Amino acid sequence: MTQTGSDEEEWHVGSEQARGSEELSAEERQRLRRAHERLRAASKELEVLVATEPIKNRWAPEPAPAEILDTAREDLQRAYADVVRCQQEILGWTSG
């Protein structure tokens with residue numbers, strides 16, 4: 001089976017190596033859940049910094065300093081890399 005992500009990276013799931021959710025231990029499920037939670041939180045943090053809408057007649061958001069944006073982008077990249085690593089190690093997915 002092949003899955004394509006938003007960045008057009010393909011994921012290949014081989015039938016011999018791929019694991020179904022019923023095969024995962026409680027610790028593996030927790031590790032996957034935490035990785036996805038970190039990714040959502042990092043994405044939300046970056047969204048707040050770059051995509052906050054002004055409130056009419058009240059305030060306009062200030063641009064975030066470059067250092068803060070860089071840190072948020074790095075956090076997002078690390079969180080994404082952790083999700084990919086978890087998918088490879090726990091589920092047996094490979095990118096190609």
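Residues are numbered from 1 along each chain as its sequence is written. In this predicted model, local features need pLDDT of at least 70 and side-chain atom pairs count only at pLDDT 80 or more, while totals for chains, interfaces and linings use all residues, and side-chain values use heavy atoms, with hydrogens and water left out.

Let's start with the whole protein. Its secondary structure comes to 2 helices and 3 strands, in the order β-β-α-α-β along the sequence. Helices (H or I, at least four residues) and strands (E, at least two) are DSSP runs, numbered from the N terminus. Of the 96 residues, 21% are buried, meaning under 20% relative accessible area with a 1.4 Å probe, protein chains only.

Next comes the core. A nonpolar core is a set of buried Ala, Val, Leu, Ile, Met, Phe, Trp, Tyr and Cys residues joined through side-chain atoms within 4.5 Å. The largest one has 8 residues: L24, L32, A35, V83, C86, I90, L91 and W93. Helices α1 (26-50) and α2 (66-91) each give two or more residues to this core, and α2 gives the most, with 4 residues.

| Residue | In contact with |
|---|---|
| L32 | L24, C86, Q87, I90 and L91 |
| D82 | A35 and R38 |

D82 counts as buried because its relative accessibility is 13%. The side chains of D82 and R85 are joined by a polar contact of 3.3 Å; such a contact is a pair of N or O atoms within 3.5 Å, where within protein one must be able to donate a hydrogen and the other to accept it, and residues adjacent in sequence count only if both atoms are side-chain atoms.

Methods:
Buried < 20%, exposed > 50% of the residue type's maximum accessible area, 1.4 Å probe, protein only. Contact = heavy atoms within 4.5 Å. Lists of a residue's contacts leave out its neighbours within four places in sequence.
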